[in-house]
Amino acid sequence: MAPRLATRPGLGGASGAPPGRDPSSPGTRGPAPATAAVPLAPGGGRQALTDWRPASASASASASAQEEGEWRRKHPDAVENFAQVVAGAAGRRVAVFLDYDGTLTEIVNEPDKAFMSEAMRGAVRRVARLFPTGIVTGRAVPKALEFIQLDSLIYAGSHGMDIKGPEPAAGGKLREILGGRKLEYQPAAEHAATIERVCEEMTRVVAGYAGSMVENSTFCVSVHYRNVAPELQEEMQGRVRHRLVELGGMKMNKGKMVLEIKPTLDWDKGKAVEYLVEQLVPEGAFAIYLGDDRTDEDAFRKIREWGVGAGVLVSQQAKETAAGFHVERPRDVLDFLTALAEWGEREGAGWWS
Ligand SMILES: [Mg+2]
């Protein structure tokens, strides 16, 4: 059940602002002038959301600028409007959930090289000292651990289907909450053998496509096609889809240049976050979730359902989302986490105890 993310601004339909909030002005980072029509430069500076428009769209520029202004009002910048993000947290226990790829690190061409910066690692460590913190990722837990190298976190790998809490000796807020309790849950455990078979099948199916890569994330299979010749990508996806239908019992979501194959199971990142909140903060938490892709929308929707908490979409493009807030890039996530740590250190004991 992948949410539909529009590639154009999410117009009209979805309500953007979190319940009970009154989004303020779109912020001061400088929305681009209505005439801006510069394609977004990869790795370029912090740019306004309007930059994604192709130059040929200048005729409708002012309408689009208006739509984007609307989108920014519905999903305010979480760094500029930090006080608004945590406004509902007073008197509640905060739990923090973070996607990895595209959130804590830039999307890279080689998924094996999605390394995290020391600054980001420091910020996550700092946040985890204050709040129970979990990584909710499509990656397998060992891979996520290898990248993040922090043992004070919960890792909900394979899209939340492999949940592992920290070792009892690890530090951070979780140690205090869990005591000696070991947190572990694998809702798809009985599907492990099927996954293994699907992984072998997919490796065979895409073998002829140079640049393709099949990753076994234990409870899901990722078929990467970022490095496959563009003219062959469609065909390759068709073959994967066809074989999956033959195999049955599996579902497929399309991520950023990757096909994510999972068992047909009513479980997603939203369910994982719900499970973790129940385990950690049974009286209910103010959950803060940051993520950049479609699968993160399940968690954003969960938070919206609760009416408590804050979803932050990492995106340089205006698109339909259930998140109440946005930031543009991983380096803004760093700013956000730093603000969160500073806020927690300042407010700390008052609301957590
Ligand atoms: Mg991601």
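Predicted model: local features only at pLDDT ≥ 70, side-chain atom pairs only at ≥ 80, totals over all residues.
**Entry 1: terms first.** I call a crossing left-handed if the near helix is turned anticlockwise from the far one by less than a right angle, and right-handed if clockwise.

**Entry 2: H7 meets H8.** With that in hand, I looked up how H7 passes H8, and the crossing is right-handed. The partners are helix H7, residues 192–205, and helix H8, residues 230–247. Their axes come within 10 Å and cross at roughly 145°. Which residues of H7 and H8 make the contact? From H7 I noted Val198, Glu201, Met202 and Val205, and from H8 Arg239, Val240, Arg243 and Leu247. I then sorted the residues of this contact by type: five are nonpolar, three are charged and none is polar.

**Entry 3: along and around H7.** I checked the length of H7 next. At 1.5 Å a residue its 14 residues should span 20 Å, and the end C-alpha atoms are 20 Å apart, so the two agree. Then I asked which residues of H7 are buried. My list reads Ile195, Val198, Cys199, Met202 and Val205. A reminder to myself: an α-helix has 3.6 residues a turn, so residues three or four places apart point the same way. On the other side of H7, I found Ala193, Arg197 and Arg204 exposed.

What do the buried residues of H7 pack against? I found H8 there, along with strands S6 (213–216), S7 (221–224), S8 (250–254) and S9 (258–263).

**Entry 4: a look at H1.** I repeated the length check on helix H1, residues 61–74. Its 14 residues should span 20 Å at 1.5 Å each, and this agrees with end C-alpha atoms 20 Å apart. The buried residues I listed for H1 are Ser64, Ala65, Glu68, Trp71, Arg72 and Lys74.

**Entry 5: two positive phi values.** Most residues other than glycine have a negative phi, and I wanted to look at exceptions. Gln149 is not a glycine, yet its phi is positive, about 55°. I placed Gln149 in the loop between helix H4 (141–148) and strand S3 (154–156). Ser158, also not a glycine, has a positive phi of about 50°, and Ser158 lies in helix H5, residues 157–160.

Is Gln149 buried or exposed? I counted 11 other C-beta atoms within 10 Å, so Gln149 is exposed. For Ser158 the count is 29 other C-beta atoms within 10 Å, so Ser158 is buried.

Key
Residues numbered from 1 in each chain as written. Axes fitted to C-alpha atoms, helices over the stretch in contact; angles between N-to-C directions. Helix = DSSP H or I, 4+ residues; strand = E, 2+ residues; numbered from the N terminus. Contact = placed C-beta atoms within 7 Å. Nonpolar A, V, L, I, M, F, W, Y, C, P; charged D, E, K, R; others polar. Expected span 1.5 Å × (residues − 1). Buried ≥ 20, exposed ≤ 12 C-beta atoms within 10 Å, placed from the backbone.
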